Amino acid sequence: MVRAAVIASALAVIAGCDPEIVSGSYFCGPQMSCPGDEVCSPADGTCVRPSLAEPFMCEAGSDGGEPNEDPATATTLSVAGCPAGQVERIGCLPSGIDVDWVRVTSPVSCAGAPLSIDTRYSVAFAPAIVELYTADGASVVATAAPCDITGGIGDKDAVCLDTTVPADGVSLVRVTLDHELDCDGACNFMHYQVAAMATAAP
Ligand SMILES: [Ca+2]
């Protein structure tokens with residue numbers, strides 16, 4: 001709500017003296033909040049007049065990794081080296097029952113090197129929960145924590161996971177929605193971007 005208000009006033013300044021905000025010109029706040037008579041359109045997470053709201057849809061290509069509901073079918077994200085440039089993938093959780101497994105693979109020569117796995121997602125919808133699992137997918141090793149890599153216009157939130165490249169180079173991650181903050185089911189969907197990068201071993 002605070003972020004949406006800040007963006008709204010910034011756009012008002014850009015528009016000159018006209019205090020009227022154009023429908024669809026700014027992002028919804030947490031849990032699809034919008035000021036005044038506007039509502040959050042799930043289609044793109046912007047505040048619009050109620051008649052213009054459209055349902056959520058996965059972005060083109062964002063569900064290309066499906067099905068990935070278990071470790072055996074996990075979507076692969078390949079880290080090229082340590083150090084190497086960040087690799088990214090767009091994902092989508094269109095409903096509360098969807099689960100995305102992501103297998104982050106790094107060269108075995110990078111074993112022990114610091115590995116960051118960061119996930120950004122729209123602040124408007126149910127937050128993403130990102131967990132690092134054991135290689136057999138049986139138990140959680142670590143949970144990504146909120147982090148400040150959002151920057152920009154303020155429409156994104158993020159959680160970050162700092163780990164190390166395991167001996168076999170495979171880090172198994174599970175992405176789900178936070179049902180504690182899903183607007184009682186009304187914002188139970190999410191686009192996200194998961195990014196991974198390894199740096200040189202100390
Ligand atoms: Ca899935």
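1. Two strands pair if DSSP finds at least two bridges between them; strands (E, at least two residues) and helices (H or I, at least four) are DSSP runs, numbered from the N terminus. In this predicted model, Ile90 stands opposite Gln193 in S12. S4 (residues 87-93) pairs with S12 in the antiparallel sense over seven bridges.

2. S12 also pairs with S6 (residues 114-122), again antiparallel and over seven bridges. There, Tyr121 stands opposite Tyr192 in S12.

3. Of the nine residues of S12 (190-198), seven are buried (20 or more other C-beta atoms within 10 Å of the residue's own, with C-beta atoms placed from the backbone).

4. The largest nonpolar core has 46 residues; such a core is a set of buried Ala, Val, Leu, Ile, Met, Phe, Trp, Tyr and Cys residues joined through C-beta atoms within 7 Å. Met190, Ala198 and Ala124 are among those with the most contacts inside this core. S12 gives the largest share, six residues.

5. Beyond its neighbours within four places in sequence, Ala124 is in contact with Phe27, Cys28, Gly29, Met32, Cys40, Gly45 and Cys187 (contact: C-beta atoms, placed from the backbone, within 7 Å).

6. Mean pLDDT, the predictor's confidence in each residue from 0 to 100, is 88 for the chain, and 87% of residues reach 70 or more. Over residues 1-18 pLDDT stays under 50. Where pLDDT is low, the predicted coordinates should not be read in detail.

7. Residues are numbered from 1 along each chain as its sequence is written. Local features need pLDDT of at least 70 and side-chain atom pairs count only at pLDDT 80 or more, while totals for chains, interfaces and linings use all residues.

Key:
Two residues are in contact if their C-beta atoms, placed from the backbone, lie within 7 Å. A residue is buried if 20 or more other C-beta atoms lie within 10 Å of its own, exposed if 12 or fewer, and partly exposed in between; C-beta atoms are placed from the backbone.
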